[in-house]
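Trainee: Please take a close look at the side-chain pairs in this model, beginning with the aromatic ones and going on to the charged ones.

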Amino acid sequence: MFNKKIFSNDIDKMTSPSDRVLGATDDIPSVMNVESSVLEPIIITDTQARFVLENKGILSKDSVLQFQLTCSLPGQGFLPLGSGIYSLIKQATLRIGATRINNLQDLALFKTMTHSYDTPSFRTNVTRLLKGINTTMVNTNVNPGNLASGQFLPAGSNLFAEGFCGPDYQMQLTNDSNTTPCWSIKLAELFPVLYDIELPLFLLNDEVAIDLTFNTQTATDSAKGTGSICCFQTLNAGVAQLGTCTLVKDTCLLYMDTITYANERMEQVAEAVNAKSGMFLDYTDVIQNVAAMPTVPPPPAAAGQPMTIQQKTDQVPLSGFRVKNLFWGYNVLDYSFTTSAGTTNPGNFRFFNPLLGKYALNAYTEDDTWDIRVNDRLIFPQPIKSTTMKVTEAENVYGSPVYLNQALYSFASETTKGADFPIPATSSLLPDAGVYPHFWGEGRISALRGGLNFSAVNLSHGWGDDNDDTVLIDQKPIEIQHRALPVNQSTNFQRNAHYFAEVVKRFGIMDGKVQVFQQPAVQTSRQ
């Protein structure tokens with residue numbers, strides 16, 4: 001009896017809580033095998049790459065793409081602080097046969113927004129090192145000799161001397177593939193379907209391909225690519241250096257993990273996407289839309305001109321889609337389109353921000369005001385205006401805070417509330433040019449002000465990112481009503497509003513062919 005009691009206790013320790021629930025017993029434990037392989041692209045040029053996957057096993061979402069970049073000015077090039085390595089990728093597409101599963105465009109702008117939900121420690125210790133995104137701000141040392149005591153600098157900055165600050169070696173691009181940093185992107189970060197479904201490659205008859213389109217950057221002038229992939233430390237009193245930035249083709253690789261199970265788990269995976277039985281899985285896709293924003297016509301006015309309030313309604317055509325989240329930000333086409341003194345962007349940086357490249361998401365000097373109409377109903381009882389309200393609403397998107405310092409997110413904490421809303425030198429959270437005239441070269445840290453501003457709205461009925469909680473859009477498009485766009489001659493940038501809508505689609509497989517529905521799927525009869 002004594003031995004039998006010990007045996008009984010051992011059995012209790014070996015069982016899981018689910019084994020005590022009727023209908024949830026795992027009679028046979030899952031035996032998983034992970035096979036890792038390194039895939040070279042079948043096509044690789046300066047502008048595109050294509051990877052073709054072998055149809056075996058289950059594609060793991062932890063598979064990783066690797067990239068290296070070299071620049072013509074060694075030690076002086078760095079990735080845009082907000083977008084990092086995503087500045088390289090212009091478009092990413094996952095195809096199965098002739099069916100496009102995921103297609104993301106303007107990745108640098110979209111990932112600037114979504115990576116803002118990472119915690120500060122994750123962005124400092126992971127995102128900054130693996131992806132080159134450097135948006136975590138740290139305080140400068142507090143001491144009598146430091147004029148910027150208590151103000152903010154990007155994490156990883158080296159203070160060489162008073163007034164001199166530069167990126168550490170982990171952020172600096174070189175002209176040699178042996179010394180330049182190596183960046184990585186998980187496949188799931190390019191293709192959201194992998195967050196929801198680990199693709200059963202073994203069920204597919206068609207070719208599974210990853211197509212990447214790259215940005216290019218040449219050493220001609222600011223209109224021909226400078227700031228498209230990387231930025232350069234500037235010398236000679238703020239004159240922008242022009243240099244090339246090139247993808248290292250030999251090290252552009254896909255480290256792919258495929259999973260197989262040694263029991264009926266493979267059959268369960270197959271049945272979950274069996275379109276013949278009406279079985280589909282939800283996954284996320286992203287749809288982009290771009291709209292031009294209004295400006296104030298010339299001639300220029302004197303300093304202190306009050307803001308002119310413009311209004312505009314943008315329509316995002318998503319009829320028939322299940323939508324859960326909507327993001328948008330304002331990107332400046334031409335920084336030189338200013339007609340009065342005081343702009344924080346030197347004229348020679350005409351088509352890009354010296355620290356954020358071409359991917360700055362610029363705030364209005366005074367907060368803009370907006371509301372959204374979905375299915376002919378306004379979703380807010382009053383328009384959203386204040387920065388605090390915008391951040392609170394943005395937190396609902398993924399159910400996590402937006403950890404952006406206000407100095408990067410908006411001008412709200414730095415502006416005088418009157419006339420053209422100038423920025424008082426003593427109220428800045430970021431050091432001005434007089435304190436750090438040599439910030440990462442001759443760049444101005446003031447270029448970060450309001451440079452990572454965006455809005456994000458959860459359109460579903462719940463809180464957080466959930467594929468089961470969406471809004472089905474009827475025949476009318478979503479309307480974003482910009483009730484107040486405050487502009488004047490000194491903030492009259494040519495802006496585009498970039499909209500990114502996260503929609504939910506359904507994925508199934510029938511006889512080795514992929515079936516994708518943008519609406520809730522109708523059960524397919526057996527054949």
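**Aromatic and charged pairs**

Mentor: The structure holds 13 aromatic pairs. One of them is edge-to-face, because the rings of F67 and F214 have their centres 6.3 Å apart and their planes at 85°, over the 60 degrees that this class requires. This pair joins distant parts of the chain, with F67 in strand β5 (residues 64–71) and F214 in strand β15 (residues 208–214), 147 residues apart. F67 and F214 are both buried. Note that the model is predicted.

A further pair is F110 and F500, with ring centres 5.1 Å apart and planes at 40°, so it counts as tilted. F110 belongs to helix α2 (residues 107–114) and F500 to strand β28 (residues 494–510), so the pair ties together parts that are 390 residues apart in sequence. F110 and F500 are both buried. They also belong to one aromatic cluster, formed by F110, Y117, F327, Y398, Y409, F454 and F500.

A ring can also face a charge: the charged end of R495 sits over the ring of Y364, 4.2 Å from its centre.

Turning to the charged pairs, the count comes to 21 salt bridges. In one of them D211 pairs with R95, the closest N and O atoms being 3.7 Å apart. D211 lies in strand β15 and R95 in strand β7 (residues 89–96), so this bridge ties together parts that are 116 residues apart in sequence. D211 has a relative accessible area of 18% and is buried, whereas R95, at 29% relative accessibility, counts as partly exposed. D211 and R95 are linked with R50 and E207 in a network of salt bridges.

The partner of K505 is D285, and their closest N and O atoms are 3.0 Å apart. D285 counts as buried at 5% relative accessibility, and K505 counts as buried at 13%.

K324 forms a salt bridge with D465, and here the closest N and O atoms are 3.0 Å apart. K324 sits in strand β21 (residues 322–334), while D465 is in the loop between β25 (455–458) and β26 (471–472), 141 residues apart. K324 is buried at 2% relative accessibility, but D465 is partly exposed at 39%.

Terms used
Residues numbered from 1 in each chain as written. Predicted model: local features only at pLDDT ≥ 70, side-chain atom pairs only at ≥ 80, totals over all residues. Heavy atoms only, no water. Phe/Tyr/Trp six-rings, centres within 6.5 Å; stacked < 30°, edge-to-face > 60°. Helix = DSSP H or I, 4+ residues; strand = E, 2+ residues; numbered from the N terminus. Buried < 20%, exposed > 50% of the residue type's maximum accessible area, 1.4 Å probe, protein only. Lys NZ or Arg CZ within 6 Å of the ring centre and 35° of its normal. Salt bridge = Lys/Arg side-chain N within 4 Å of Asp/Glu carboxyl O.
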